[in-house]
Amino acid sequence: MVRTELREHIFKMVFQIEFNKPEDMPEHLELYLEELQSAKDKDKEYIGTKYRAVVSKIQEIDEILNEKTTGWKTTRMNKIDLAILRLAVYEIQWDEEVPTGVAINEAVELAKRFSGEEGPAFVNGVLAKIAG
């Protein structure tokens, strides 16, 4: 799988944390990865590792988002946009393998596919403030 596909799967798992108990998520991840029949073991490992890394930083990520957004606290954000932003902020702040520009571009592309009409511009604006 290419990184864009891997990122999409990580986003889908991060999105699920809004709707499931934290203690249930390891099982959800395991079931999700089992269903990815086209993925190689290394791809599944990458998805799981990065998902867990993002989740381990959720509190810090949300603090960054709440600090940088005006009038849009994480509790008010569209859950799809929030999941996209969480993944992108993780990549910008802690993932040295992903250049900031790539993280922003990929986040905007995810927003184009999964969010509403305003999503791409919102995601781009928030990430520009964080990266700037």
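**Exercise 1. Determine which helices each supply at least two residues of the lining of the largest pocket, and describe that pocket.**

Helix H2 (25–35) and H3 each supply at least two residues of this lining, where helices are DSSP runs (H or I, at least four residues) numbered from the N terminus. The model is predicted, so local features need pLDDT of at least 70 and side-chain atom pairs count only at pLDDT 80 or more, while totals for chains, interfaces and linings use all residues. Residues are numbered from 1 along each chain as its sequence is written, and side-chain values use heavy atoms, with hydrogens and water left out.

Next, take the lining itself: among the residues that line the largest pocket are Ile17, Pro22, Met25, Leu29, Tyr51 and Ile58, a lining residue being one with an atom within 4 Å of a pocket point. By class, the lining has 8 nonpolar, 1 polar and 3 charged residues.

**Exercise 2. Work out how helix H3 packs against helix H5.**

Begin with the geometry: H3 (residues 41–56) and H5 (residues 79–94) pack at an angle of about 95 degrees, with their axes 10 Å apart. That makes H3 roughly perpendicular to H5, a term that covers angles from 65 to 115 degrees.

Then list the partners: Lys50, Ala53 and Val54 in H3 meet Arg86, Leu87, Tyr90 and Glu91 in H5, contact meaning heavy atoms within 4.5 Å. The residues of this contact divide into 4 nonpolar, no polar and 3 charged.

**Exercise 3. Repeat the analysis for helix H4 and helix H7.**

H4 (residues 58–68) and H7 (residues 119–131) pack at an angle of about 100 degrees, with their axes 10 Å apart, and that makes H4 roughly perpendicular to H7. In this contact, Ile64, Leu65 and Lys68 of H4 meet Val126, Lys129 and Ile130 of H7.

**Exercise 4. State how many aromatic pairs a search of the whole structure finds, and examine the pair of Phe11 and Phe114.**

The search finds 5 aromatic pairs, rings being paired if their centres lie within 6.5 Å. The rings of Phe11 and Phe114 have their centres 5.1 Å apart and their planes at 45 degrees, so the pair is tilted, since planes under 30 degrees apart count as stacked, over 60 as edge-to-face and the rest as tilted.

Terms used. Axes are lines fitted to C-alpha atoms, for helices over the stretch in contact, and angles run from 0 to 180 degrees between N-to-C directions. Angles under 35 degrees count as roughly parallel, over 145 as roughly antiparallel, 65 to 115 as roughly perpendicular and the rest as oblique. Ala, Val, Leu, Ile, Met, Phe, Trp, Tyr, Cys and Pro count as nonpolar, Asp, Glu, Lys and Arg as charged, and the others, Gly among them, as polar. On a 1 Å grid over the protein atoms alone, a cavity is a set of points where a 1.4 Å probe fits but cannot get out, and a pocket is an open set with protein on both sides within 12 Å along at least five of seven lines; lining residues have an atom within 4 Å of a point. Rings of Phe, Tyr and Trp (its six-membered ring) pair if their centres lie within 6.5 Å; planes under 30 degrees apart count as stacked, over 60 as edge-to-face and the rest as tilted.
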